[in-house]
Amino acid sequence: MGLWPGIWLMKREHHGAGNRLLDWLLRPASRPWQLVSLAVVLGVCVSTSLRENWGSDNAFVVKAAQTLLAGGSPYEDKRFLYLPSAVLMAVPEALLPTAVLRWTLPVAMSGLLGIGWLAALRMFSVPLRSRFAVVGFAALALAYKPYVNLVLIGNWTAISAAALPVALLLARRRRWGSAGLVIGLAIACKPMLVPVGLLFVMARRWRGLTAAVLVPLGLSLAGALLMPSPSLFFTKTLPFLLNGQDAYALPWDASPIAVLPRLGVPEPVAVLVAFSGAGAGLWAAWTRWRRTGEETDGGELRLAETACMVMLAAFLVSRPSFDHYLLVVLPLLLASAVRPGSMPRSPWFWLALTPQVALLPWPSELAHKRRAFKDCATLCGVAILLARRALRSGRVTLEPVTTAGSPPRTEPECAATPAESASRTAF
């Protein structure tokens, strides 16, 4: 896709340094930049394929499918935490040799993340051959550590990271039924996008909501009928998941419910803090959805920020909540940088992401098994910043109005106009 479909993004009334940088980023990337970016992404895939612990999370899903093919119940393994429909989805993987999976799985994970990035760009009319699109994805792969972690372990979070931007792009085009179908298929693989159902409720798109519910329900029923003892999902798997799993997952659990007790906070207080934050996040999402008067585009920023706020609120109380969960919302937030006043225009957004920057030295006490402290800080920071943006009041300024035979005065009813944001921008 060329530059012209998104050329209107470069038209500004004020041409500051930030807009000049944005104009430069929206120009087409040269062939060397494209090759370098491709080399970076493929380099991440190759390096993870050569590591011994590649595909560690994906192995649980493949093992579940192999157990089903052997006539057993996938839920005998307490670490298989997905719906019965995921077993059906994993059958093709179970039929592939390990040597093939070693090289194709990292590429598939990067491909899914790339689909999410491209859909997010299309949603905001960013040219797909622009420097912003080409270099941005390579920078994400190179600098954002959870990207490498996700590609390495092969977690099916990548499916949700691809599905959410695609579904929002379809919703932006008034195809809510298709959006619900995409969300439903993603939930059938991994029930991460269940909270997005609230977006369909707020938008009153019942056909899309029905598709998002019936697709995973139907596939799960089909999977349950094909396996012995499907009731183990309710008697063994769900209790294990609701308890936050066990000590195996705790060092990487970034949920405030898990992190705060490790810092000496009583667990009941930690639960209260997390659920209060999630409640505030849902209120912020509802407020953001209702605020339509300030939109100068087609409403895609409102749609993206509402969906991201719902997901971030869910991550605050999810047990566990891992570092790569943010990759579900991060492509949408990054792509929104082309809109004035969006979160990436604030330096605080980049400060919140700093703990996840690869190769950045940190004290030894924050490394390895205490990494969850940094992950929790990033999760809470991004959630707070987006909630603050969603809950900000619609400020107005009063301009002088002059009438014949009278001195200048202010007329709030007819002269009130929205005040431009005074926040600093990173562009």
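A residue is called buried when its relative accessible area is under 20%, exposed when it is over 50%, and partly exposed in between (1.4 Å probe, protein chains only). Helices (H or I, at least four residues) and strands (E, at least two) are DSSP runs, numbered from the N terminus. The model is predicted, with local features requiring pLDDT of at least 70 and side-chain atom pairs counted only at pLDDT 80 or more, whereas totals for chains, interfaces and linings use all residues. Residues are numbered from 1 along each chain as its sequence is written, and side-chain values use heavy atoms, with hydrogens and water left out.

Helix 4 (residues 84-94) is a mostly covered element, with 8 of its 11 residues buried. These are Pro84, Ser85, Ala86, Val87, Ala90, Val91, Glu93 and Ala94. They pack against helix 3 (56-69), helix 5 (98-123), helix 9 and helix 11 (206-226), where contact means heavy atoms within 4.5 Å.

Asn58 counts as buried because its relative accessibility is 3%. Beyond four places in sequence, Asn58 touches Glu93, Leu105, Ile153, Gly154 and Trp156.

Two packed helices are described by the angle between their axes and the distance between the axes. Axes are lines fitted to C-alpha atoms, for helices over the stretch in contact, and angles run from 0 to 180 degrees between N-to-C directions. Angles under 35 degrees count as roughly parallel, over 145 as roughly antiparallel, 65 to 115 as roughly perpendicular and the rest as oblique. The axes of helix 4 and helix 11 come within 6 Å and cross at roughly 80°, so these two helices are roughly perpendicular to each other. On the helix 4 side, the contact is made by Pro84, Ser85, Leu88 and Met89.

Helix 8 (residues 157-172) and helix 9 (residues 176-189) pack at about 170°, with axes 8 Å apart; they are therefore roughly antiparallel to each other. Among the residues in this contact are Ile159 and Val166 of helix 8, and Trp176 and Val182 of helix 9.

The largest nonpolar core has 107 residues, of which Tyr147, Leu164, Leu193, Leu199 and Leu312 touch the most other members. A nonpolar core is a set of buried Ala, Val, Leu, Ile, Met, Phe, Trp, Tyr and Cys residues joined through side-chain atoms within 4.5 Å. Helix 15 (residues 300-317) supplies the largest share of this core, 11 residues. A second, separate core of 5 residues includes Ala254, Val259, Phe373 and Cys376. Val259 lies in helix 13 (residues 256-262).

Finally, the backbone deserves attention. Most residues other than glycine have a negative phi, and most peptide bonds are trans. A cis peptide bond joins Arg319 and Pro320, with omega about -5°. Arg204, in the loop between helix 10 (197-203) and helix 11, has a positive phi near 55°. Arg204 counts as exposed because its relative accessibility is 65%.
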